[in-house]
Amino acid sequence: MRIENRNSSRMTTLDEIVGNSRALIQTAQTEEALAYLTPFLEQFAKDVTFLQVYGEALLENNNLETGFEVLSQACSLDPDALKGTEKFFYVGQIIGGSDGLQYLDVSLRRLEQQIEEVNNNNTTSIVNAADYGSKDDILAYLIKKMNQGIFAKIEIWMTDLCMEEEAETQCDQLINYSLSLDGENPEALSLLSSIRISQQRPEDAKQALVKSWDLFNVKKQKLEESANSKADKQEDATDVGLEYVELIQPLMTVARFAIELELYDLAITVASNIQDINEDALETYYYEALANLFSAKKVYATKQNINEDYRDVEVRDIIDFDDQDVKNHIAEAKSSLVQGYKIINSDGLDADPELVEQVNVLLNELGGASTADLMPRRDEEEEGWEDEIVSDSD
């Protein structure tokens with residue numbers, strides 16, 4: 001996407017500037033967005049709408065300090081969030097702690113007001129309301145934003161304020177409020193699982209996580225069907241593709257919680273589904289390997305009558321164990337790590353160095369990658385999910 005930069009209010013309206021820059025940000029052209037916006041800064045230095053998108057562009061380009069300053073200024077100019085709630089979300093999450101909660105509450109109060117207005121058939125306070133479709137669509141959009149703020153508050157209570165006496169009660173109240181808004185929100189259920197893990201209620205955590213995955217899976221399948229339908233009709237599927245990619249991070253969280261809760265089959269399934277979206281997602285191969293290794297250790301510990309935590313069993317103790325289930329899990333773990341090794345050694349990798357080290361260490365414990373392991377598979381599919389999204393189950 002190329003957008004001409006015209007530093008003139010007569011040639012380019014503020015709505016066009018904001019719309020163009022948001023389009024660039026949403027398509028991961030963050031440097032282009034910042035370059036496009038910067039010439040207009042002096043002209044719109046006191047305009048809340050401009051400052052919101054400019055601050056967001058700065059954050060997306062890892063300029064946290066300046067982005068925070070710009071968004072804080074926007075909050076000061078619009079203390080009741082009448083011209084948008086996003087700036088308060090960003091500032092609240094950056095600050096954290098009790099002060100961060102106050103910023104988040106400004107956004108949540110405004111969103112609650114807007115929901116009430118829409119329920120009363122008044123959509124005048126919703127920017128570009130017609131773009132969202134029906135009343136139900138607008139409410140779904142507002143509830144989605146409400147949940148973003150609620151989740152941010154829970155994160156603060158579970159981290160910065162976790163030692164406060166009321167932390168557990170606050171988390172319970174907030175997640176219950178979120179589920180009252182949308183009981184079928186998979187991210188809320190995943191967060192509920194995290195809360196139950198912290199409360200040492202593993203069975204409740206498992207129940208919430210399994211339901212979360214079920215709902216994520218339905219959403220993923222619907223997006224695949226929608227994208228493939230649009231491809232057949234030669235329609236633009238960009239929005240569907242963006243929403244599809246947005247599934248990656250919340251699904252990573254589900255996979256990580258599944259391993260923590262010893263739901264290894266679930267972790268493997270979720271990791272595989274993330275690979276449908278991005279086959280180069282290194283973290284998924286690490287999770288697959290961990291899940292298979294823990295499964296192998298669990299079988300080994302059971303058959304060897306080991307009473308200690310099976311997860312503490314050393315890899316060297318199980319690698320030559322004469323049991324087909326153990327061998328199968330080890331083979332699957334090594335296969336995942338070899339694929340991770342290929343990704344690590346490919347061009348353009350931008351991965352966490354610690355994760356890279358963990359993949360290499362585990363692979364070495366399993367004997368390393370042979371020449372045969374590194375040969376490409378004959379059935380490897382061509383890249384390009386964005387041209388046609390097809391699930392493995394199809």
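**Exercises on a helical model**

The elements that cover the buried residues of α11 include α10 (202-232), α12 (248-260) and α13 (264-277). Covering is judged by contact, meaning heavy atoms within 4.5 Å. Buried means under 20% relative accessible area, exposed means over 50%, and partly exposed lies in between (1.4 Å probe, protein chains only). Helices (H or I, at least four residues) and strands (E, at least two) are DSSP runs, numbered from the N terminus.

The model is predicted, so local features need pLDDT of at least 70 and side-chain atom pairs count only at pLDDT 80 or more, while totals for chains, interfaces and linings use all residues. Residues are numbered from 1 along each chain as its sequence is written, and side-chain values use heavy atoms, with hydrogens and water left out.

**Exercise A. Overall content and confidence**

State how many helices and strands the protein has, and what its mean pLDDT is.

*Solution.* 
- The protein contains 18 helices and zero strands.
- Of its 394 residues, 44% count as buried.
- Among contacts with a separation of 6 or more, 60% come from residues 24 or more positions apart.
- The mean pLDDT (the predictor's confidence in each residue, from 0 to 100) is 90, and 89% of the residues reach 70 or more.
- Over residues 1-10, pLDDT stays under 50; the model has 20 contacts beyond four places in sequence for this segment.

**Exercise B. The buried face of α11**

Identify the buried residues of helix α11 (residues 238-245).

*Solution.* 
- Val 240, Gly 241 and Tyr 244 are the buried residues of α11.
- Viewed down the axis of α11, these buried residues fall within an arc of 100°, so they line one face of the helix. The arc is that of the directions from the helix axis to the C-beta atoms.
- As a general rule, an α-helix has 3.6 residues a turn, so residues three or four places apart point the same way.

How many of the 14 residues of α13 are buried?

*Solution.* 
- In α13, 10 of the 14 residues are buried, so this helix is largely enclosed by the rest of the structure.
- The buried residues include Tyr 264, Leu 266, Val 270, Asn 273 and Asp 276.
- Their cover includes α10, α11, α12 and α14 (282-303).
- From its first C-alpha to its last, α13 reaches 21 Å, close to the 20 Å expected at 1.5 Å a residue. The expected span is 1.5 Å times one less than the number of residues.

Which residues does Phe 216 touch, not counting residues up to four places away in sequence?

*Solution.* 
- Phe 216 is found in helix α10 and is buried, with a relative accessible area of 2%.
- With that exclusion, Phe 216 touches Pro 186, Glu 187, Leu 247, Pro 250, Leu 251 and Val 254.
- Phe 216 and Leu 247 are 31 residues apart in sequence, and 8.0 Å apart in space, C-alpha to C-alpha.

**Exercise E. Aromatic pairs**

How many aromatic pairs does the structure hold?

*Solution.* 
- The structure holds seven aromatic pairs. Rings of Phe, Tyr and Trp (its six-membered ring) pair if their centres lie within 6.5 Å; planes under 30 degrees apart count as stacked, over 60 as edge-to-face and the rest as tilted.
- Phe 50 and Tyr 54 form a stacked pair, with 5.8 Å centre to centre and 15° between the planes.
- Both Phe 50 and Tyr 54 lie in helix α3 (residues 48-60), four residues apart, about one turn of the helix.
- Phe 50 is buried at a relative accessible area of 0%, and Tyr 54 is buried at 8%.
- In the pair of Tyr 286 and Tyr 287, the ring centres are 6.3 Å apart and the planes stand at 40°, so the pair is tilted. Tyr 286 and Tyr 287 are both buried.
- Ring pairs link Phe 44, Phe 50 and Tyr 54 into a cluster.

Is Ala 81 buried or exposed, and is Asn 121 buried or exposed?

*Solution.* 
- In general, most residues other than glycine have a negative phi.
- Ala 81 has a positive phi of about 60° although it is not a glycine. Ala 81 is found in the loop between α4 (64-77) and α5 (86-95), and at 1% relative accessibility Ala 81 counts as buried.
- Asn 121 has a positive phi of about 65°, although it is not a glycine. Asn 121 is found in the loop between α6 (97-119) and α7 (135-158), and is exposed, with a relative accessible area of 63%.
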